[in-house]
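Welcome! Here is a short walk through one protein model, taken a piece at a time.

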Amino acid sequence: MKKKGFFVCIEGLDGCGKTTQAQLLVGKLKRIGFDAIYTAEPSSGKIGQFIKKYCLHGEKRISVVVEALLFAADRFEHVVNEITPALNNGKIVISDRYVYSSLAYQGAAGLDLEWIKIINKNAIKPNSAIFIDVEPEIVVQRLKRKKSVMEKLETQRKVREVYMTFVREGELVKIDGNRSKTEVAEAIFAVVSKQL
Ligand code: TYD
């Protein structure tokens, strides 16, 4: 019989702690005997590398349509090359960002959410989608050292608003990220372990 994998994505504003939390979740799942792996978007593939080099840290933001298309292309490769094979091997895949990042970031930049959904049609649906909610004012403070084109307060506020529409629609489970690392990790684990 084919083993069944389980796919989780962790979403949130830049600086909300999602990378730390995704890795803590992988560690916790492994300790209790699951075969879990960490992965992220932009991916480590060719398109992901291109995005990191030319879209996120350049002088100015590129066209948002191009951004959305590149993220969708990177995601398709991520799904085909990494996520699906791991799921087919029965693994739990924890992705640090997924399709909701495109909806939130490129949607906040003015693109039609329905169009973003269409270009991401081939991205498989996660079994569990978590949104770590931290106030935009707080993440912007945390990110002062790090520079990226997405990190202005106004941008982060809009991004959060789009994430919240998916929380209200029941697609994303909101976790209060304004707590200690351990408390946030416990809350995420409680949600995911219930669905496993
Ligand atoms: P981030 O997780 O912050 O990466 P880093 O490891 O460099 O901190 O993601 C990089 C940025 O990419 C972040 O600002 C959000 C943005 N992004 C989009 O705009 N759309 C997308 O579809 C994805 C996956 C990321």
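## A walk through the model

His78 has its place in helix α3 (residues 64–88); helices (H or I, at least four residues) and strands (E, at least two) are DSSP runs, numbered from the N terminus. This is a predicted model, in which local features need pLDDT of at least 70 and side-chain atom pairs count only at pLDDT 80 or more, while totals for chains, interfaces and linings use all residues. Residues are numbered from 1 along each chain as its sequence is written, and side-chain values use heavy atoms, with hydrogens and water left out.

His78 is buried, with a relative accessible area of 1%. Here buried means under 20% relative accessible area, exposed means over 50%, and partly exposed is in between (1.4 Å probe, protein chains only). Leaving aside neighbours within four places in sequence, His78 is in contact (heavy atoms within 4.5 Å) with Thr39, Ala40, Glu41, Ser43, Ile83 and Ser95.

Now to Tyr38, which sits in strand β2. Tyr38 is partly exposed, at a relative accessible area of 29%.

Strand β1 (6–12) is mostly covered, with seven of its seven residues buried. Phe6, Val8, Ile10 and Gly12 point one way from β1, and Phe7, Cys9 and Glu11 point the other way. Two strands pair if DSSP finds at least two bridges between them. β1 pairs in the parallel sense with strand β3 (residues 92–96) over five bridges, and Phe6 has Ile92 as its bridge partner there. β1 also pairs with β4 in the parallel sense over five bridges, where Phe131 is the bridge partner of Glu11.

Next comes helix α7 (residues 153–168), whose 16 residues reach 22 Å from first C-alpha to last. That is close to the 22 Å expected at 1.5 Å a residue, the expected span being 1.5 Å times one less than the number of residues. Buried residues in α7 include Gln156, Val159, Tyr163 and Phe166. The buried residues of α7 pack against β1, α4, α5, β4, α6 and β5. After α7 comes Gly170, whose phi is positive, near 85°.

What about the salt bridges? Each is a side-chain nitrogen of Lys or Arg within 4 Å of a carboxyl oxygen of Asp or Glu, and by this rule the count comes to twelve. Here are some of them.

| Salt bridge | Closest N and O atoms |
|---|---|
| Glu67 and Arg61 | 2.8 Å |
| Glu114 and Lys117 | 3.5 Å |
| Arg160 and Asp133 | 2.7 Å |

Arg160 lies in helix α7 and Asp133 in strand β4, so the pair ties together parts that are 27 residues apart in sequence. Arg160 is buried at 17% relative accessible area, and Asp133 is buried at 6%. Salt bridges that share partners join Asp133, Arg160 and Lys174 into one network.

Glu67 counts as buried at 0% relative accessibility, whereas Arg61 counts as partly exposed at 27%. Glu114 and Lys117 both lie in helix α5, three residues apart, about one turn of the helix. Glu114 is partly exposed at 46% relative accessibility, and Lys117 is partly exposed at 35%.
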